[in-house]
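Visitor: I would like to learn how to read the packing of helices against one another. Could you take me through an example?

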Amino acid sequence: MKELTRRHGDRGTGGRFHHPISPSVRLPVFLFALVLLALALNFSAGAQSGKRSGAHSSVPRNNFSAADRNTVEKAIGTACAERIRDPLGSTPIDEMQARPSLSTSNPDSLAGAKRADRLLPMTRKLVANAIVQLAKDYGLYDAPALRAHVNAASARVQAVKRIRPNVDARDNASVLLRDPRTIEFGTIFLAGLKSDEAMVSVLGHELTHVASGQSDLLRPLFRAIAHRAAGRINLSISGQRAEELACDLVGLMATRQFINETPSWEPQSRRIARAVEHNCVDDDGSDEDHLSPRNTIRALFALDIELARELLTTNAQSTTQRRISLTARAVAF
Ligand SMILES: [Zn+2]
């Protein structure tokens with residue numbers, strides 16, 4: 001049966017990600033994790049030198065280069081380092097999951113709810129445009145039938161009018177697809193997204209679920225996006241994981257356009273990083289419906305390598321500016 005809701009950040013509600021581990025199994029688990037880490041390092045070294053594992057032969061290949069992969073990895077490191085420096089950096093999902101519930105009157109949660117309300121109208125517009133743009137980019141806007149589906153989907157986001165804070169939803173956000181007027185937002189999630197950029201990214205994600213709706217209007221687009229990402233990061237991405245990744249991509253595009261339309265004195269790299277920072281976890285587990293948080297950032301930067309490059313370039317510029325201003329201050333004293 002088709003699910004009636006779509007969730008974001010829902011790994012705390014019974015997926016593999018959040019199973020408690022008893023102390024007696026911690027050491028073997030730790031050793032197993034070390035072995036996995038060694039294998040992962042080995043695999044990534046093999047992938048960078050152009051070798052491919054037979055186990056991944058079903059994943060489509062394309063002309064994504066070793067240098068592009070390197071750019072993606074650097075961009076992940078830069079975004080997650082920026083999160084720590086940024087006073088408005090998002091809380092990672094694994095930290096959110098470990099927190100006690102927050103009441104709706106908690107000041108951080110209230111501030112998040114106000115932010116979500118304020119940004120919803122603009123994000124609706126940005127998401128509708130991003131969906132059409134992606135459909136064009138992926139060659140799904142030429143045939144009249146496909147174009148009609150995409151246009152109907154992008155119009156559906158206008159139905160969403162409200163944000164409803166919910167204590168029990170904790171670090172989740174969700175929408176009821178048969179009545180998509182409200183985005184239900186866990187109070188921990190509202191409090192953990194401290195910047196406009198992070199909020200636009202998550203609202204964009206939820207609105208994309210609404211756009212596709214119960215009739216899966218955007219399924220061909222979701223599959224095309226997942227296919228491209230899979231080829232670039234050597235991971236199989238199918239089913240619900242394809243939809244979740246595509247929703248994140250729309251959220252990222254909406255945030256990028258939001259940054260363009262709302263000039264600020266803040267460094268560009270800081271603003272871009274906020275779109276993905278909630279995925280900067282230490283506990284990088286996946287579940288049936290989602291890639292792991294860090295693989296999500298990896299897939300997003302692989303899909304939008306230009307944005308990954310822009311993040312690195314603007315970060316280098318702001319680091320130079322910081323150094324110059326520190327040197328100037330040192331000279332002044
Ligand atoms: Zn989702």
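Visitor: In which hand, left or right, does H9 pass H11 in their crossing?

Guide: Keep in mind that this is a predicted model. H9 passes H11 in a right-handed crossing, and the residues making the contact are Leu245, Asp248, Leu249 and Leu252 on the H9 side, with Thr296, Ala299, Leu300 and Leu303 on the H11 side. By residue class, this contact of H9 with H11 divides into six nonpolar, one polar and one charged.

Visitor: What describes two packed helices?

Guide: The general idea is that a pair of packed helices is described by the angle between their axes together with the distance between those axes. In this structure, helix H9, residues 240-261, and helix H11, residues 293-303, have axes that come within 10 Å and cross at roughly 60°, which means that H9 is oblique to H11.

Visitor: At roughly what angle do the axes of H2 and H11 cross?

Guide: The axes of helix H2, residues 66-85, and H11 cross at roughly 125° and come within 9 Å, so H2 is oblique to H11. H2 passes H11 in a right-handed crossing.

Visitor: Which residues of H2 and H11 make the contact?

Guide: From H2 the contact draws on Val72, Glu73, Ala75, Ile76, Ala79 and Cys80, while H11 contributes Arg294, Ile297, Arg298, Phe301 and Ala302. Divided by class, the residues of this contact of H2 with H11 are eight nonpolar, no polar and three charged.

Technical notes:
Residues are numbered from 1 along each chain as its sequence is written. This is a predicted model: local features need pLDDT of at least 70, side-chain atom pairs count only at pLDDT 80 or more; totals for chains, interfaces and linings use all residues. Side-chain values use heavy atoms; hydrogens and water are left out. Axes are lines fitted to C-alpha atoms, for helices over the stretch in contact, and angles run from 0 to 180 degrees between N-to-C directions. Helices (H or I, at least four residues) and strands (E, at least two) are DSSP runs, numbered from the N terminus. Angles under 35 degrees count as roughly parallel, over 145 as roughly antiparallel, 65 to 115 as roughly perpendicular and the rest as oblique. A crossing is left-handed if the near helix is turned anticlockwise from the far one by less than a right angle, and right-handed if clockwise. Contact means heavy atoms within 4.5 Å. Ala, Val, Leu, Ile, Met, Phe, Trp, Tyr, Cys and Pro count as nonpolar, Asp, Glu, Lys and Arg as charged, and the others, Gly among them, as polar.
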